[in-house]
Amino acid sequence: DELPAPMQENIRRRDRSLGPGYRLFYDKPLEIVRGKGVTLFDREGNEYLDVYNNVPSVGHAHPRVIDAVHQQMQTLNTNTRYVQESILNYSEQLLSTLPAQLGHVMFTCTGSEANDLAMRVAKYATGNQGVIVTAGAYHGLTAEVASFSPSLGAGVPLGANVRVIDAPDALRYSSDQSTLDDHLRTQVRAAIADLQRHGIGLAAFIADSIFSSDGIFAGPAGFLRPIIEEVHAAGGLYIADEVQPGFGRTGEEWWGFQRHGIVPDIVTMGKPMGNGIPIAAAVFKPELLVEFGKNIRYFNTFGGNSVAIAAAQAVLDVIRDESLMKNSLKVGVKIQTELRQLTQGLEQVAETRGSGLFVGVDIVTDASSLTPDGDTAARIVNELREERILISASGAQGNVLKLRPPMSFSMNDADRLIEALDRSLRRLH
Ligand code: PMP
């Protein structure tokens, strides 16, 4: 059916004023006017179950975040050039969630800026320029960070210093850990050798710890280890991009890299950090910042300002007080278990995978070729949207259903999601 007239008019106004660089979700776009918990509301008052948005990770319009921001806004909002106890309290608490080797945190407004700073420090500390990423990686929007974000496609050329390795796709490269490890080790060695052949030393390997844009690859746990061994042997650093999996979403741990039993040299984070208030960060092994700190004055006007820190503190408090990590794990296990049951024998669903409330469902044309089927995935995404359940798709071919709700997603919410997915998937038979 047709979009409501006011919505059509707003889409025309949007095109006129925002221009052609933006995209809308869904064949039938949504106009959202309000959010609460895991629910979004459109102009007509229809409710949508949010199974997509990880930024409001403690839930849309969480009262504790609102209060914290409101109170801080009434008191003071200023920058990191003044001593403020709130940023010290927050930094100490944030660092306590990370391995002890990671000792300094620097604040930015976006994940892109955090990755930009991380790479700048990595290049400075190693004296090298080379960067290795996975084939479907996205790390952000600055010119520098876009140059190592292959998911942006042919319109955004990779830097001459950038090499790409396969995504850790255990389904397609192997189902057996040692074979996947060997595959990844061979890939990263070849990338390092190719950089060397061009006279480029390795500065860093950077990876989203859950490989969201690559297609969501959480396991088998440990597959990052051989890559990092090779990277360190070549004198490079390992940057864990936690913008998507961070802050407990994967359920078992605070950070996605932890499931691989490794310690990064730098960790970046963003999206859920302030539940929608712009705050992001890069965390470093202190030794990496010694020379950088002597020679480079770093000031980010809004990064880590008083209000952003108040929001971030409230988010940390809510994750703990509402046991959202435990919830992520419990509800995530239920979603994966029930999806596996209902897709058994359905050859277009090659695999359900993920960790906590970050679940991918790999849609293929058939079980023997495992050819990614982005069209069918898009159809499912749009069918669910018609049922007012909001999901998305990722992966190089857009063939992996992405289920990534706020961490307050309940068992009942999961039932609603699974029933809708069941109806949609059944049409594949
Ligand atoms: N890294 C990853 C893995 C991301 O998913 C994103 C955003 N989609 C970014 C970095 C960039 O973050 P931002 O949009 O806040 O700049």
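Trainee: Let's start with Ala61. Where in the chain is Ala61 found?

Mentor: In this predicted model, Ala61 sits in the loop that runs between β3 and α2 (63-75). A backbone angle is worth checking there: Ala61 is not a glycine, yet its phi is positive, about 50 degrees.

Trainee: And is Ala61 buried, exposed or partly exposed?

Mentor: The way to read burial is to count neighbours: 20 or more other C-beta atoms within 10 Å make a residue buried, 12 or fewer make it exposed, and anything in between is partly exposed. Ala61 has 14 C-beta neighbours inside 10 Å, so it counts as partly exposed.

Trainee: What about Arg388, which is not a glycine: what is its phi?

Mentor: The phi of Arg388 is positive, about 65 degrees. Arg388 belongs to the loop between α12 and β13. Its count is 16 other C-beta atoms within 10 Å, and therefore Arg388 is partly exposed.

Trainee: Now helices. How many residues of α1 are buried?

Mentor: Zero of the 14 residues of α1 are buried, so this helix lies largely in the open. Its length can be checked too: at 1.5 Å a residue, α1 (residues 5-18) should span 20 Å, and the end C-alpha atoms are 20 Å apart, which agrees.

Trainee: What does the length check give for α3?

Mentor: Helix α3 (residues 85-96) has 12 residues and should span 16 Å at 1.5 Å a residue; its end C-alpha atoms are 17 Å apart, which agrees. Next, look at burial: Ile87, Tyr90 and Leu94 are the buried residues of α3. Viewed down the axis of α3, they fall within an arc of 65 degrees, so they line one face of the helix. The other side of α3 has the exposed residues Glu85, Leu88, Asn89, Glu92 and Ser96.

Trainee: What covers the buried residues of α3?

Mentor: The cover includes β4 (104-108) and α10 (306-321).

Trainee: Can we repeat the exercise on α13? Which of its residues are buried?

Mentor: They are Asp413, Ala414, Leu417, Ala420, Leu421, Ser424 and Leu425. Down the axis of α13, these buried residues fall within an arc of 135 degrees, so they line one face of the helix. Met411, Asn412, Arg423 and Arg426 are exposed on the other side of α13. The buried residues pack against β3 (47-50), α11, β11, α12 (374-386) and β13 (389-390). As for length, the 16 residues of α13 (residues 411-426) should span 22 Å at 1.5 Å a residue, and the end C-alpha atoms are 22 Å apart, which agrees.

Trainee: Stepping back, what are the domains?

Mentor: The domain assignment gives domain 1 (5-58 + 323-426) and domain 2 (63-321). Their centres, taken over C-alpha atoms, are separated by 25 Å. In contact are 27 residues of domain 1 and 29 residues of domain 2. On the domain 1 side, α11 (324-342), β11 (349-354), β12 (359-363) and β15 (400-403) each supply at least two residues. The largest share of that side, five residues, comes from α11. By class, the domain 1 side has 13 nonpolar, 10 polar and four charged residues.

Trainee: Last one: how many residues surround the ligand?

Mentor: The ligand is surrounded by 16 residues, and the closest are Thr110, Gly111, Ser112, Gly140 and Val243. Helix α4 (residues 111-126) gives the largest share of this shell, three residues. Sorted by class, the shell has four nonpolar, nine polar and three charged residues.

Technical notes:
Residues are numbered from 1 along each chain as its sequence is written. This is a predicted model: local features need pLDDT of at least 70, side-chain atom pairs count only at pLDDT 80 or more; totals for chains, interfaces and linings use all residues. Helices (H or I, at least four residues) and strands (E, at least two) are DSSP runs, numbered from the N terminus. The expected span of a helix is 1.5 Å times one less than its number of residues. The arc is that of the directions from the helix axis to the C-beta atoms. Two residues are in contact if their C-beta atoms, placed from the backbone, lie within 7 Å. Domain bounds come from an automatic or database domain assignment. Ala, Val, Leu, Ile, Met, Phe, Trp, Tyr, Cys and Pro count as nonpolar, Asp, Glu, Lys and Arg as charged, and the others, Gly among them, as polar. A residue is near a molecule or strand if its C-beta atom, placed from the backbone, lies within 6 Å of it.
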